[in-house]
Amino acid sequence: MKILVVEDEERVAHFIQKGLKEEGHAVDVAYDGEEGEFLAEVNEYDLMILDLMLPKKNGVTVCREIRERGIITPVLMLTARDSIEDKVRGLDAGADDYLTKPFVFDELLARVRALLRRRSDVKTPTLKMADLELDPISRRVLRSGKPMRLTTKEYSLLEYMMRNPGKVLSRTLIGEHVWDMNFDPESNVIDVYVSHLRSKVDKDYDVSLIHTMRGRGYMLSDEPPFM
Ligand code: CA
């Protein structure tokens, strides 16, 4: 999943970013409200973690403004103190949940999972392509009923492809959704991951699902694509 963290305290921002990356998420960080709002408007995130007290524009204003522009990304608001007033203001502005600082990472992660789950419940619970199945909640992947062991990045890549079946996914698109904004689309990292993924998903089966679209990117499909 792709997550935006808006937090001006660098130490806290990096702590959150590192932890979420270890869980296999792509994480962008903004250090003030204006930058956070800009990123939320130009990129599509699955979740936003938004600090309340921010330079340039506070979290409540950012949240209200992105909601006014029709952005429905779930927002987890971070509040510095346990003030009922702050929480109410945050929720009124369109935040989905809040967490009081200081927090332990496990608690943040539990909230993140709950918000992402709520979001994926709205979408299809299990993603399917031919005999390949991916369950975003348990993160289990099966092909022909056989479980597959994927690394966190391979899993994220496959989930993104399964959410976009039959579409040509360019390296830039994949980089944006599965890696973070510092990803260099010129590098061959994506090709390397796709090749690892392919050796797990397709190698032992008659029907190939991951297709290379020469010069354009990759596509997940159970039919051979037109070139
Ligand atoms: Ca702050």
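These legends accompany several close-up views of a predicted model. Residues are numbered from 1 along each chain as its sequence is written, and side-chain values use heavy atoms, with hydrogens and water left out. Because the model is predicted, local features need pLDDT of at least 70 and side-chain atom pairs count only at pLDDT 80 or more, while totals for chains, interfaces and linings use all residues.

**View 1. The largest nonpolar core has 25 residues.** Here a nonpolar core is a set of buried Ala, Val, Leu, Ile, Met, Phe, Trp, Tyr and Cys residues joined through side-chain atoms within 4.5 Å; buried means under 20% relative accessible area, exposed over 50%, and partly exposed in between (1.4 Å probe, protein chains only). Look for Leu132, Leu158, Met161, Met162 and Ile174, which touch the most other members. At least two residues each come from strands E6 (127–129), E7 (132–135) and E11 (217–220) and from helices H6 (152–163), H7 (171–178) and H8 (189–201). Helices (H or I, at least four residues) and strands (E, at least two) are DSSP runs, numbered from the N terminus. H6 is the top contributor to this core, with six residues. Another core, of 21 residues, lies apart from it and includes Ile3, Val5, Ala13 and Ile49.

View 2. H8 has 13 residues and reaches 18 Å from first C-alpha to last, close to the 18 Å expected at 1.5 Å a residue (1.5 Å times one less than the number of residues). Its buried residues are Ile190, Val194, Leu197 and Val201.

**View 3. Three residues supply the protein donors of the calcium ion: Asp8 (OD), Asp51 (OD) and Met53 (O).** These donors lie 2.1 to 2.3 Å from the ion. Donors are N, O and S atoms within 2.8 Å of the metal (3.2 Å for Na, K and Ca); water is not among the atoms, so sites may look incomplete. Aspartate 51 is buried at 3% relative accessibility, whereas methionine 53 is exposed at 52%.

**View 4. Aspartate 202 sits in the loop between H8 and E10.** With a relative accessible area of 6%, aspartate 202 is buried. A polar atom of its side chain lies 2.9 Å from the backbone nitrogen of isoleucine 210.

Methods. A polar contact is a pair of N or O atoms within 3.5 Å; within protein, one must be able to donate a hydrogen and the other to accept it, and residues adjacent in sequence count only if both atoms are side-chain atoms.
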